[in-house]
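Here is a friendly briefing to read with the structure open beside you. Take it one topic at a time.

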Amino acid sequence: MNVIETHDLGRRYGATWALQECSLTIPAGHLTALVGPNGAGKTTLINLVIGLSTPSAGELTVLGDLRPGSLPALDGIGFVAQDVPLYRGFSVADMVSLTRNLNRTFDVDYAHERLADLNIDLRKRAGQLSGGQRAQLALTLALARHPRLLVLDEPTASLDPLARHDFMATVMAAMADDGVSVVLSSHLLSELERVADHLVLLSDGRIRLDGPVDDLLAEHRLVTTRSGPVSTHPAWDVVESIAAGAQTQQLVRLRSPELALPAGCDARPVGIEELAMAYLRSSTRGVSPVLEGAHR
Amino acid sequence: MTLDKQVNGSPIRLRLDPSSGVPTYLQLVQQVEGALRLGFLQPGDQLPKVREVVAELAINPNTVLKAYRELEHKGLASGRPGTGTFIEASLTPVSLPELANLRSSLYRWLDDAAAAGLDDDGVMALVDSALRDFPDRSSATRGARQRRTSGGGAA
Amino acid sequence: MTTLASVPASAAAIRPVPRRQLAWVAWRRNRATVYGLGALLATLATYLLVTGLQAHAAYDDLGSCVPPITTDACRVRWDAFINGYGQRGLTGPLLVLLPGIVGAVVGAPLVGRELESGVFRYSWTQGVGRMRWAVAVILPIAVLTAALMGALGLLVAWRNGPLLEAGAAQRLDGSTFPTTGVAVIGWTLLALSAGVLAGLLWRRVVPAVASTFAAWFGLALLASVRRPHLMTPLTSMGEPPTGSLDVANYWTKNGAPVSASEVSSVLESVGVQMRDDGFSAHVGGGSPAPTDPIIYLSEHGYIQVHSYQPDSRYWTFQWIELSWLVLASVVLLGLTFWLIRRRSI
């Protein structure tokens, strides 16, 4: 099942397209990282997926064949928004009861167990919790619904490293226990390698890179040559070139994974963080064209 | 990797070094192999449950599964559905005479390197690069040599 | 096993969230409002009860000294009663404005606060969906608020009882009519519905409350001007019955209307000046001024005609007013729900 499937999806505000020509297929069972600078379209895409927004162009289905915002879709998707919205005046216990009463299925025991593990006092008001506790509360409420898809919009942006680690540990444990798929929008490239096994890179409202992390890493190499930068080459497409003295380093995408690299060519694999950075840099410079997903 | 004195569960606990530059799944594989080599893991021991690793290290469960699959592929472990992943083979540690031989051939190689003008950092860089390429070239022979049936104890 | 097993998608019919659960949501979400409203109305009710009991007791004390007043002693006691209980001071205008204030303050935050604080990102993504959420959060509190205001209206009517009985006040009067009966329910509902819509449109509470109240006030003014003309007024020669609402009056002679200036000159010839608020005796010049200018005019063939709405039409007017107020409220709420459904951020 594909948790998200889009075809030429777009969202326009007035004359500006916040997202355009977005065609994605995100399979279930993975953690997909949505990466890109501010204003890239990450939140726009997320709002479309969870049904708070409707498309201006194109199509979008979630959880197989469901329409976003429809009752079955709302039922199967858990969401934690940026800045973690909650009713600040409600006690933690009230938030649990409220979420229970706003949903068809809700695992109250799980919620209470998690909150006890986290030492979050049920009687405290949500507004009195620390940032990390609030984020964990919101996550607990979302996970207690046992959703099939969990969507997180930069939920750890304002958390300290320890709180962030605990938050992600909870998410991962839910993936292991429940099989829930996760879509996580994030600034933090350094976390990518540990948590993401699927990547969607956005910039200026367009998809720049999309595919399973393993496939993407297999398709890219950092090539060092003594000759000058070669803009076209039969074996690869150049993503980014950096001249360093007599050497030129080029991040390239192999046209075919089986193609043998030319002799005398020093090529090494790249890490996902390095890869993402290169695409982000090149797309802001307007060099990189829109790329399709990994070879399938 | 640390030793865990628990009676139930796995004898080892996996760790992560986020700044090492080594891919996560590979770190896990290397830790298990290291434990095997040092005798902390014996055939029949259980590897940590995916859920535990994930909850402690905050890494993607698919990464842990990938590491365990790699160990299965190398013949070192096998997964039993519903129960967990268990060690199937051992890695014989290198014996002392063998170590001595390897050391002396290494001294000879280092002499050659010094004569060619390679300094310490150059030696490390070359060794690193060769190690990275090496598995691709001879995984078949290494696999055959490492595979032992259970019962081969650590020294 | 290549990836984690995931639960297969199922678009099969999903049972809706039980009403009982939504009832809890409706209560908890509006709990503070109910407490606040209860405290406010309880305070007002206590005040009305106390002053009402005093008024009733004082009225009973008057005995037979109620209009038409015949003796001077009774006139003194009647004037004392009117001075004590006839003026309502600030309470009168407050009671007229109260439905607008309450409706706007209760209605505007229902959706407005949700949007302003951003918490709709939580509540509109829960399994119940935004429509049923809106119904739970808006409708029960709307009904309760309107009902409470209606109950307060009963208390207001009871308190006004003595004055109405004595003919010193009219139920149809613009400062009384919208505060009692079923009209007060309608005015509350209208302000509340307008408040909810305003909150949705402004996405902020304070401008929504202000604009709602301003619009409601304008409409209330308009209604009070138009109300006397809802049905064709009756006419009477001479004074209309007690409790009637005066719509207009003019003088006639021999069946034909005469101008006010003609009446004025007739009176001035005997030393009486006609003013807007009555007549004033003008001492001096010829024969002594007649004691009652109206009797003088009627002796000389002048008849004052009144057009009025009788007190018996009170309930008819009430139901007419309620009808269009409820209709307007339903339209506003319908528009609100439609806009919530369509909202795309």
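Chain A folds into 9 helices and 13 strands, where helices (H or I, at least four residues) and strands (E, at least two) are DSSP runs numbered from the N terminus. This is a predicted model, in which local features need pLDDT of at least 70 and side-chain atom pairs count only at pLDDT 80 or more, while totals for chains, interfaces and linings use all residues. Residues are numbered from 1 along each chain as its sequence is written, and chains are lettered from A and ligands numbered from 1 in the order in which they are written.

**The overall build of chain A**

- The radius of gyration of chain A (taken over C-alpha atoms) is 21 Å, close to the 19 Å from the globule rule for 296 residues, so chain A is as compact as a globular protein of that length.
- That rule is 2.2 Å times the number of residues to the power 0.38.
- Along its principal axes, the C-alpha trace of chain A spans about 70 × 40 × 35 Å.
- Of the 296 residues of chain A, 51% count as buried; a residue is buried if 20 or more other C-beta atoms lie within 10 Å of its own, exposed if 12 or fewer, and partly exposed in between, with C-beta atoms placed from the backbone.
- Two residues are in contact if their C-beta atoms, placed from the backbone, lie within 7 Å.
- Among contacts in chain A between residues at least 6 apart in sequence, 70% join residues at least 24 apart.

**Where chain A meets chain C**

- This contact takes 35 residues from chain A and 27 residues from chain C.
- On the chain A side, helix 1 (42-50), helix 2 (71-76) and helix 3 (92-101) each supply at least two residues, and helix 3 of chain A gives the most, with 5 residues.
- By class, the side of chain A that touches chain C has 17 nonpolar, 12 polar and 6 charged residues.
- Here Ala, Val, Leu, Ile, Met, Phe, Trp, Tyr, Cys and Pro count as nonpolar, Asp, Glu, Lys and Arg as charged, and the others, Gly among them, as polar.

**Where chain A meets chain B**

- Chain A brings 15 residues to this contact and chain B brings 13 residues.
- Helix 6 (161-178) and helix 7 (189-195) of chain A each supply at least two residues of the side that touches chain B, with helix 6 giving the most, 8 residues.
- A:Asp197 sits in the loop between helix 7 and strand 8 (198-203) of chain A.
- Is A:Asp197 buried or exposed? A:Asp197 counts as buried because it has 22 C-beta neighbours inside 10 Å.
- Leaving out residues up to four places away in sequence, A:Asp197 touches A:His30, A:Leu31, A:Pro212, A:Val213, B:Asn60, B:Asn62 and B:Thr63.

**Domains and a sheet in chain C**

- An automatic or database domain assignment gives chain C domain 1 (19-232 + 312-342) and domain 2 (234-311).
- The centres of these two domains of chain C, taken over C-alpha atoms, are 39 Å apart, and 10 residues of domain 1 are in contact with 8 residues of domain 2.
- Chain C also has an open sheet of 4 strands in the order 1-6-2-3, with antiparallel pairing; two strands pair if DSSP finds at least two bridges between them.
- Strand 1 (234-237) and strand 3 (256-258) of chain C are the edge strands, each pairing on one side only.
- Strand 2 (residues 245-253) and strand 6 (residues 302-309) of chain C pair in the antiparallel sense over 8 bridges, and C:Lys253 stands opposite C:Tyr302 in strand 6.
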